[in-house]
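Work through the exercises below with the sequence and the model open. Each task is followed by its solution in steps.

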Amino acid sequence: MMQLPVPTWFVGCGNMGQAMVEGWRLAGVDLSSAVAIRPSNVPVPGIRTVGSIKEAGAPPRMIILGFKPQKLDEVAPELLPWITSKTIVVSLLAGVETASLKARFPKATVIRAIPNLPVSVRRGVVALFTGGEIEEGLRKQLSEAFAALGFAMWAETENSLAAIGSVAGPGPAYVARFIAALADAGVEQGLPKALASSIAVETVLGTAWRAASSGETMDDLARRVASPRGTTEAGLAVLDREDAFRQLIGATINAARRRGAELAAEARGEQVA
Ligand SMILES: NC(=O)c1ccc[n+]([C@@H]2O[C@H](COP(=O)([O-])OP(=O)(O)OC[C@H]3O[C@@H](n4cnc5c(N)ncnc54)[C@H](OP(=O)(O)O)[C@@H]3O)[C@@H](O)[C@H]2O)c1
């Protein structure tokens, strides 16, 4: 049975922490010694939940930081007494750089992870980064644990972590908007809402599934749907007009990346205008 380092603390276990717990439970990972710490004390299914750090129990081998980046300076001083040179701190905090984490937890091995929400169904994307040395056995254990949540990779540089994160992290929210637009269009065509929604979800799932398994380019895939002078081609002519859709997605990703840079600056202690 696969195990996380024992014990593992999830400090903050909201949307993302719970998605990871769900994914690991589905993968059969042993969470019997793990604990979720959240002020509301609302139980997280499948894992012991407590309301504060002092109730967590045995000192952690691994700490997963799953609160909002803005809370870092509130939570870091509470965690500091628990951290030794053997502690692994895995930060999920969007934007907050390794140097800022190291400044708060100088003794710990610091790893950054940017997961996305489908980790809950083991189809997530997870980018990992470590700025320092990490023992080979631990690297392997973490690689395996995160691979159980989907497509996991180590980024070579913190910049490439940010780049992967800017697409993968928020990506499910953008895809959700696309699915909703597709479903709304179905309703406008006269379909009942629930049916339109299922059709939109299944169309995106099927397309992604085919793309993942066939290896064909997206141009090839689109070409196989759109015959010359046919219906799809008429639709694509609208979607492709003045490259507006591509530019919209580009601007969307850029805006999130800029926000990540702001959060990074705040965690470095810089004033943000
Ligand atoms: N959501 C995503 O798709 C995604 C993707 C990549 C990275 N991330 C990163 O993951 C982190 C969490 O995001 P989220 O979407 O899961 O947020 P969320 O749903 O708001 O969860 C935040 C968690 O932090 C807990 N918390 C608040 N104050 C705390 C404190 N003082 N000490 C300990 N825990 C505290 C909350 O406790 P309660 O449950 O008791 O309220 C909650 O469990 C963020 O840093 C974000 O950048 C999220």
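**Exercise 1.** State which residues the dimerisation annotation covers and describe that span.

Step 1. The unreviewed UniProt entry gives "domain: Pyrroline-5-carboxylate reductase dimerisation" for residues 158–263; such positions are in the numbering used here, with feature names shortened, and annotations may be inferred rather than shown by experiment.
Step 2. This is a predicted model, in which local features need pLDDT of at least 70, side-chain atom pairs count only at pLDDT 80 or more, and totals for chains, interfaces and linings use all residues. Residues are numbered from 1 along each chain as its sequence is written, and side-chain values use heavy atoms, without hydrogens and water.
Step 3. The span is 83% helix and 0% strand, and its end C-alpha atoms are 15 Å apart. Helices (H or I, at least four residues) and strands (E, at least two) are DSSP runs numbered from the N terminus.

**Exercise 2.** Give the strand order of the open sheet and explain its edges.

Step 1. The eight strands run E3-E2-E1-E4-E5-E6-E7-E8, with mixed pairing (strands pair if DSSP finds at least two bridges between them).
Step 2. Strand E3 (48–50) and strand E8 (150–154) each have a single partner strand, so one side of each lacks a neighbour in the sheet.
Step 3. E7 (residues 124–130) pairs with E8 in the parallel sense over five bridges; alanine 127 has methionine 153 in E8 as its bridge partner.

**Exercise 3.** Find how far apart the centres of the two domains lie.

Step 1. The assignment, automatic or from a database, gives domain 1 (8–165) and domain 2 (171–239).
Step 2. Their C-alpha centres are 34 Å apart.
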